[in-house]
Amino acid sequence: MKKRVITILLCMVMGMCFGGCSKEKPGNGAENKKVYQIGISQFAEHGSLDNCRKGFIKGLEEEGVIEGKNLKIKVKNAIADQGTAKQISDTFVAEDVDMICAIATPSAQSAYNSAMQTDIPVIYTAVTNPIAAKLTNKEGMPVGKVTGTSDKLPIKEQLKMIRKVLPRAKKIGIMYTTSEVNSISAIKEYEKLADKYNFTIVKKGVTQTADIPLAVEELLTEVDCITNLTDNTVVNSLSTILEKANKKNIPVFGSEIEQVKLGCLAAEGLDYVELGKQTGRMAAKILKGEKKVSEMKCETISEPALYINTKVAKNMKIILEKEFIENAKEKFATISK
């Protein structure tokens with residue numbers, strides 16, 4: 001009887017040892033049973049940020065982190081309100097999620113500030129200037145447990161494209177939110193490069209959505225065209241801007257694919273689904289312990305792509321060269337509602 005008891009105890013101990021050891025081995029069944037919890041804080045609801053979120057989830061899936069299998073996701077939208085963004089990130093910290101994914105600069109800043117004194121990593125996407133947002137240092141390395149991807153605009157390529165489409169244009173209008181560091185840094189770069197392409201930049205700042213109708217009407221009296229940033233407040237009101245610009249037959253250029261679908265003439269811009277995927281793959285490596293968030297440099301999309309809306313060009317009687325159209329990654333002959 002004693003021998004039997006001793007044998008049973010030995011088996012139990014050995015089982016515990018092997019069980020404990022198995023958890024240390026990456027890629028085994030025990031590790032795969034881990035269910036990760038991610039809180040997604042999205043600053044506003046519009047096409048580019050929605051695409052970032054969808055791409056982020058797809059990027060996780062590519063790395064084996066799959067919603068409904070080993071992943072639980074909570075999505076909250078700040079509706080373009082910075083106070084709400086802070087409340088969202090504070091809630092995720094209180095719930096002790098495994099990671100916060102912050103989409104757009106205000107949400108990224110709020111998430112980092114909320115999680116700073118915890119072990120919760122923050123990964124961001126659609127942050128145009130992480131240095132200005134104080135999320136990375138000048139070398140692009142994280143300032144803490146925070147990293148992600150930047151949607152830095154290809155401004156030189158955009159100016160070159162506008163000059164090709166509108167050879168006689170002189171003044172480009174830009175609307176921006178005065179409190180968005182992304183927009184301010186982008187405008188500075190536009191102003192720096194504009195002379196090279198014989199453009200003058202006319203800027204118009206707003207503080208809230210209600211300012212946009214009057215601001216765009218004033219801007220349209222001064223410019224030959226408008227180019228959009230990825231400014232959240234302005235993009236949320238893109239339909240208003242397009243309606244007023246179309247009445248005056250003044251073309252509006254976008255900064256990414258969704259804006260062109262909505263009725264912008266063209267864009268040398270980003271594919272936000274791909275940007276989101278890139279972020280998701282980074283996040284999976286952090287969750288699985290393959291990388292430390294504090295050691296991962298901020299990443300960007302390597303090359304922009306040309307998107308054209310041929311219906312808008314036709315409506316405005318703008319003739320696009322055949323070669324220019326053929327170089328587009330995607331062409332749209334309709335306008336989204």
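Predicted model: local features only at pLDDT ≥ 70, side-chain atom pairs only at ≥ 80, totals over all residues.
## Strands E1 and E2

Strand E1 covers residues 36-42 and strand E2 covers residues 71-77. The two strands run parallel, and seven bridges join them. One of the contacts can be named by residue: Ser 41 has Lys 76 in E2 as its bridge partner.

Between E1 and E2 the chain passes through helix H3, which spans residues 47-62.

## The largest cavity

The structure holds two cavities of 30 Å³ or more. The largest of them contains about 50 Å³ of space.

Its lining includes His 46, Ser 48 and Leu 49. Ala 104, Ala 126, Thr 128 and Asp 151 also line this cavity. Sorted by class, the lining has four nonpolar residues, six polar residues and one charged residue.

## The second largest cavity

The second largest cavity has about 30 Å³ of space. Leu 153, Pro 154, Ile 155 and Gln 158 are among the residues that line this cavity. Tyr 190, Asn 228, Gly 254, Ser 255 and Glu 268 belong to the lining too.

By class, four of the residues lining the second largest cavity are nonpolar, four are polar and one is charged.

## Ala 126

The phi of Ala 126 is near 60°, a positive value in a residue that is not glycine.

Is Ala 126 buried or exposed? Ala 126 counts as buried, because its relative accessibility is 4% and the cut-off for buried is under 20%.

## Asn 198

Asn 198 is in the loop between helix H7 (181-194) and strand E7 (200-206). Asn 198 is not a glycine, yet its phi is positive, at about 60°.

Where Ala 126 is buried, Asn 198 is exposed. The relative accessibility of Asn 198 is 61%, so the residue counts as exposed, a class that needs a value over 50%.

Definitions and conventions
Residues numbered from 1 in each chain as written. Heavy atoms only, no water. Pairing = 2+ DSSP bridges. Helix = DSSP H or I, 4+ residues; strand = E, 2+ residues; numbered from the N terminus. Right-handed = clockwise from strand over helix to strand, strands pointing away. 1 Å grid on protein atoms, 1.4 Å probe; cavity = no way out; pocket = protein on both sides within 12 Å on 5 of 7 lines; lining within 4 Å. Points joined across faces, edges and corners; volume = space filled by probe spheres on them. Nonpolar A, V, L, I, M, F, W, Y, C, P; charged D, E, K, R; others polar. Buried < 20%, exposed > 50% of the residue type's maximum accessible area, 1.4 Å probe, protein only.
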